[in-house]
Each structure stands twice: as C-alpha cells, then as structure tokens.
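I opened this entry to record what I looked up in the structure, step by step.

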Amino acid sequence: MLSNGSPAPAVVAAADVARWPHPWAGDSAVSLGRWSNAIEQAEAAAATLLAKKGELSPYLPVPSFWSEQYGVRFRSVGIPALGDEAEVVESDSIARRLAVVYYRRGNMVGVLTANRTSRIAGYQRRPAAELAAGIG
Ligand SMILES: Cc1cc2nc3c(=O)[nH]c(=O)nc-3n(C[C@H](O)[C@H](O)[C@H](O)COP(=O)(O)OP(=O)(O)OC[C@H]3O[C@@H](n4cnc5c(N)ncnc54)[C@H](O)[C@@H]3O)c2cc1C
C-alpha cells in the first residue's frame, strides 16, 4: 500500500508484510498474520505474476486459524476484528464452550468458537457466500 492507503501498482507481496484492500474493511487495508494467509496469499501472488493482462482477480479470502490454549481449542473464520457488532450465540462456562458471530454493518464477517470445532464449517459458509455476493 502507498502512504495514502491506495494499492501500490505493480507491487506483489504476500504474508505478514502485505496489506491489501478488502471489501469488508471499507477504506482501510487488511493485514492477516496467519499461516493460512501466508500460504494462500503466496499462491495468489504467484498467480498474479504469471497472469496475462486482464486476467487478474482480487484476493478475497475468508481466512481461518486455530489455536489451542490451556486445553481450549479456538477456531476463527472470517475477520472478526472488522466487526462492529458481536452476537454470543453459545456460551457455556462449565463445558468451556463459546461461539461468537461478528457483523459489520449487519453482514457477517467472522466467527470465533471455543471447543466448538464441529460447528465451524457451517459458520464458514456464510461469510464466504456474502463475500462472493459482493456484500461489504
Ligand atoms: C509466536 C507466534 C505464534 C504464532 N502462532 C500462530 C498460529 O497459531 N496460527 C497461525 O495461523 N499463525 C500464527 N503465527 C503467525 C504466523 O507465524 C505468521 O503469520 C507467518 O509465519 C507469516 O509468514 P511470513 O512468510 O510472512 O513470515 P515468516 O514465517 O516470519 O518468514 C519470514 C522468513 O524470512 C526470514 N528472513 C527475515 N529477514 C531476512 C533477511 N534479511 N534475509 C533473508 N531471510 C530473512 C526469516 O528468517 C523467516 O524465515 C504466529 C506467529 C508468532 C510470532
């Protein structure tokens, strides 16, 4: 990105060093410090370098990550940090389970779960579908 926030022309970058426009982020740029993004964005960067003029497509991932902390398995899809509203759809402190859905201007942009790995696939489809439909 240039200092004014616009994409730098003819520059290809991938992984932690990269920031790029994303429809969910409005005028801001997105940066994702995650392994999955490092892999997917490197593939997109290579495809960009190899593409013929007019064949370029935007990089619009629905990112995900998992982590295990103190016996709790966390999963995230989308970009929860972009949400302006959070809805707790499941919370069980005894079972140590949690599911929170994040919305931005009413559109789902991310989900964070704890010990609810089986549910994440269902949640993942919706931000992907909204992104594909061009809702930002
Ligand atoms: C403590 C920690 C925990 C993390 N846990 C998770 C996690 O659970 N899940 C997840 O999805 N992501 C996690 N991440 C983030 C993830 O590691 C990064 O998003 C990902 O590694 C970024 O890839 P990258 O290629 O940008 O950078 P890196 O993986 O850091 O690779 C950069 C490489 O460049 C090399 N390098 C640096 N300078 C030079 C130089 N001058 N010349 C030559 N080589 C150089 C470095 O040695 C390094 O090998 C974690 C990060 C940290 C720091």
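I count two strands as paired if DSSP finds at least two bridges between them. With that in hand I looked up V88, which stands opposite V100 in β6. I note that the model is a predicted one.

**Entry 1, the β5 and β6 pair.** I found that β5 and strand β6 (residues 97-104) are joined by seven bridges and run antiparallel. I then went to the hairpin of these two strands, which has four residues between them. There I read a positive phi near 55° for R96.

In what order do the strands of the open sheet lie? I wrote down β3-β4-β7-β6-β5, five strands with antiparallel pairing. I marked β3 (64-69) and β5 (85-92) as the edge strands, since each pairs on one side only.

I looked up strand β4 (residues 72-78) against strand β7 (residues 107-114) and found five bridges in the antiparallel sense. For S76 I noted L112 in β7 as the bridge partner.

**Entry 4, the ligand.** Which residues are around the ligand? I listed A15, D16, G33, R34, W35, A38 and W66. I sorted this shell into four nonpolar residues, one polar and two charged.

For D16, I found a side-chain N or O atom 2.7 Å from a ligand oxygen. For R34, I noted a polar backbone atom at 3.0 Å from an oxygen of the ligand. For W35, I have a backbone N or O atom 2.8 Å from a ligand oxygen. I also recorded the area: the ligand taken alone exposes 1,000 Å², and the protein buries 29% of that.

I described the rings by the distance of the centres and the angle of the planes. With ring centres required to lie within 6.5 Å, I count one aromatic pair. I call the pair of W20 and Y59 tilted because the planes are at 50°, with the centres 5.2 Å apart. I placed W20 in strand β1 (residues 20-21) and Y59 in the loop between α1 (35-50) and β3. The pair links distant parts of the chain, 39 residues apart.

Key:
Residues are numbered from 1 along each chain as its sequence is written. This is a predicted model: local features need pLDDT of at least 70, side-chain atom pairs count only at pLDDT 80 or more; totals for chains, interfaces and linings use all residues. Side-chain values use heavy atoms; hydrogens and water are left out. A residue is near a molecule or strand if one of its heavy atoms lies within 4 Å of it. A polar contact is a pair of N or O atoms within 3.5 Å; within protein, one must be able to donate a hydrogen and the other to accept it, and residues adjacent in sequence count only if both atoms are side-chain atoms. Accessible areas come from the Shrake-Rupley method with a 1.4 Å probe; for residues, only the protein chains shown count as cover. Ala, Val, Leu, Ile, Met, Phe, Trp, Tyr, Cys and Pro count as nonpolar, Asp, Glu, Lys and Arg as charged, and the others, Gly among them, as polar. Rings of Phe, Tyr and Trp (its six-membered ring) pair if their centres lie within 6.5 Å; planes under 30 degrees apart count as stacked, over 60 as edge-to-face and the rest as tilted.
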